[in-house]
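Visitor: I would like to go through the charged pairs in this protein. Could we begin with the overall picture?

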Amino acid sequence: MNIVDLRVMRGPNYWSVKHPKIIVLKLELESLSHKLTNDIPGVLPGLKKKLPGLLKHRSVEGVEGGFFKTVDAGTTFAHVVQHVALELQTMAGMECGYGRCYPAHEEGHMVVVFSYQEERAGEYAAYAALRITKALVKGEKYKVSDDVNRLHQIREDEFFGPSTYSIVSEALSRGIPYIRLNSHSLIQLGYGKYQKRIQATLTCKTACFAVEIAGDKRATKAILSESGIQVPKGSTVYDEEELKRAIDWLGFPVVIKPLDGNHGKGASINVTNLKDALSGFAEARKFSAGIIVEQYIEGSDFRLLVINGRFVAAAMRTPARVIGDGTSTIKQLINKENMDPKRGVGHEKSLTKIKFDKHSRSILKSRNLTTDAVLQEGETLYLKSTANISTGGTATDVTDLVDPYNILMAERIAGLVGLDICGIDVMTTDIAIPLNETRGAVLEVNAAPGFRMHVSPAYGLPRNVAEPVIDMLFPHNQPSRIPIIAITGTNGKTTTTRLIAHMVKANGYQVGYTTTDGIYIQDKLLEKGDTTGPYSAEFVLKDPTVNFAVLECARGGLLRSGLGFQQCDIGIVTNVSSDHLGLRDIHTLEELAQVKAVIPKSVSKDGYAVLNADDDLVYAMAEGLDCKIAFFSMDEDNPRVLQHIAAGGLAAVYENGYISLFKNSYKIRIDRVAEIPLTFGGKARFNIENTLAALLAGYISHFDKENIKTSLRTFTPSPGKTPGRMNLFKFPDYDVLVDYAHNVGGLKAVGEFINSLDASKKVGIVAGVGDRRQEDLFALGQVAGQIFDDVIIRLDADLRGKKAEEITGPLLRGIEDSAPDKKPKLIPEEMRAIAYALEHAEAGSIITIFTEDIQEAVKMVESFKVIQDRRVLTE
């Protein structure tokens, strides 16, 4: 059994719209293809022993233990891989519950789908699950804990920290989307011009000078002291002699910590003698040249949190500790404490497991203890000198206990330092008493305070401290999203995208759009190429100048990694016809339609799916959609449209030479088709369909009808506006049409247009794409033979793994089948083929170039046209 294909889906996709983050595996079962789990006796006992948590998997049985019942009754080994992959992630603190498994088209292959939290963990889990399943089949030993430990590491490296996670979760609960901008905690909330950014608890509103002040403990202390806020006495030292003088002035006990430290690194607390002071100085020097020495304040450690100038939460922090029972050793007490289900690895759970490290050993040494020592019953031993949650400490929520004096003090401190999110560390005997009465002090001000102690304290009420952060970033229901129109289909996607983008721009928006030609921001080409996948969509949605997105979405990106967004406002499907079949496990038109249907399924509840009512497969997509629906049709009497309108729906139709809207039994005529350049006087019927889809997009977007009409009239097909889409060049004696059509549907549509022209001869330069099926190439040849009087066959630069004759052969056979008397010419190089056709052009003819290299093809045609025009002028 082997993995022959692995894909990571990051957005809504063919396999699941509701579960966008999934791994898609294609397994070759080999010798296990005709065996089930009950054929090998050791599989079920092995699963129960190695992965007892699988008991909770309900599987198709729908009850706890259901998966084990399924294994006992006999299921495929691909099904085992699915459940093991899910359980491994769960064991590593990443709850994952969605999965499915079904036969692939190829004999002996299965497709396995399962969810993930972090994609690198999902990939690892896939291969680990395969290894474990193979070991079970062979009856070999396997150490599952190694895989779980590795997944723990991946989670800590890649997954959101608790602070980031709390903010992102709060944003999502309000419908605010996010994009992860790097592998750490840099997050974009919202899209386009409405975006805000965070990194952990630093935000785009956090002033850099405030972060610098908070990071300079000496400067912070001075500012607070001058403002009447209690701080410990102390000084900054740079060598041991200065350290001794500072201690002489302060007296013991003291605190020694690095000037530029954070998270308690290098800090020594309650130092009571010179030997420990020198040791603490050496430790602090590892983190900073300057060392703070200050008086030790008696009391408990409290963290006060201020967001946007308002106090929101407080927690009492206790260092990692164990409490003796009179019989257990310190080592046993630590192990027992780490067995607490609340404790996990890193940020996995509300508490972190206590790690007995060098610092802990030094504490024990200072008390003449070893890990084998037994503490008396009730005796408390602190294993760390700081109360950080990440080192095993605990937090108790005390928000409701904080004295008003201390609340005001915290809010003043945040304002004095200038922080939008501010954590204030206070040492006092009682936070319910004003700090000036307890002889407590403010120890530190933090510019990026952790939220974990507040959102999941060990004791007390959890506080949703992310809520005021989102309130601050998006106040008073300020928008976070920009309108998104997504377009898919087999043919017409790019033209429709460009027409809609033109319309959006004409209505005053700064539009970003993606096409098979490139990514455009405000009509400027920023990235060239076929940019119809998720990366390109995110490129637009991350741009801070864009306030409207129009995104072409092709099958390749959908099957490779899903959509680059979770929801769109308008989803358009132009049509579905034979293209790319046999690639990436899509073999039928129905399966291709399911791929395209991802777009309408991703439309928001208040948005519109715009569907072609003349296409059976597209019309069927309306079934079960959780959004509004609008249809377009070339037939005003289409019963599907009439039924939809009768039910109060919206539609656009072509009728009596007009494009019109149907709404509430009224017909609203927008413009005569003859006045719309894209339709070539109504002869390019497929562009009338594209215009109808664009009309609906504009109307749904609340664009004024006159503005829509003007936009349609000013969108002229040309190499600049629509490169490679119906670019018609008028030569003195003949015409040349350049188009990107590369499938049977596209060829037929262009052929219908050509047949409507008054041309004495029709010449076509055609090519088959190397990754198409033999029957598709044959059909392409048949259509070419029917349309053109002369056919020139060229080849793409990239044959995509095929030999030239494997492409030209089916094309030639197709032409011979539909037009036996025609003698096609084979000129492999595209530019040579174009040059030949232009050099041998006959008066009154039309030459149609179906191009791969749009830019170069247009450039060559324009060069020939200049020569021809000059010749006419000189005659």
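Predicted model: local features only at pLDDT ≥ 70, side-chain atom pairs only at ≥ 80, totals over all residues.

Visitor: Which residue does Asp-400 meet in a salt bridge?

Guide: Asp-400 meets Arg-463, with 2.9 Å from N to O. The pair links distant parts of the chain, 63 residues apart. Asp-400 lies in the loop between strand 19 (394–397) and helix 13 (404–417), while Arg-463 lies in the loop between helix 15 (452–455) and helix 16 (466–473).

Visitor: Is Arg-463 buried or exposed?

Guide: Arg-463 is buried, because its relative accessible area is 18%, which is under the 20% limit.

Visitor: And Asp-400, buried or exposed?

Guide: Asp-400 counts as exposed, since its relative accessibility is 59% and the cut-off is over 50%.

Visitor: Now a different pair. Where are Asp-579 and Arg-772?

Guide: Their side chains form a salt bridge of 3.0 Å, N to O. Asp-579 is in the loop between strand 27 (568–573) and helix 20 (589–596), and Arg-772 is in the loop between strand 35 (761–766) and helix 27 (774–787), 193 residues apart. Both Asp-579 and Arg-772 are buried.

Visitor: What does Asp-771 pair with?

Guide: Asp-771 forms a salt bridge with Arg-800, their closest N and O atoms being 2.9 Å apart. Arg-800 counts as partly exposed, at 42% relative accessibility.

Visitor: Which residues are linked in a network of salt bridges?

Guide: Such a network links Asp-5, Arg-7, Lys-26, Glu-106 and Asp-585.

Conventions. Residues numbered from 1 in each chain as written. Heavy atoms only, no water. Salt bridge = Lys/Arg side-chain N within 4 Å of Asp/Glu carboxyl O. Helix = DSSP H or I, 4+ residues; strand = E, 2+ residues; numbered from the N terminus. Buried < 20%, exposed > 50% of the residue type's maximum accessible area, 1.4 Å probe, protein only.
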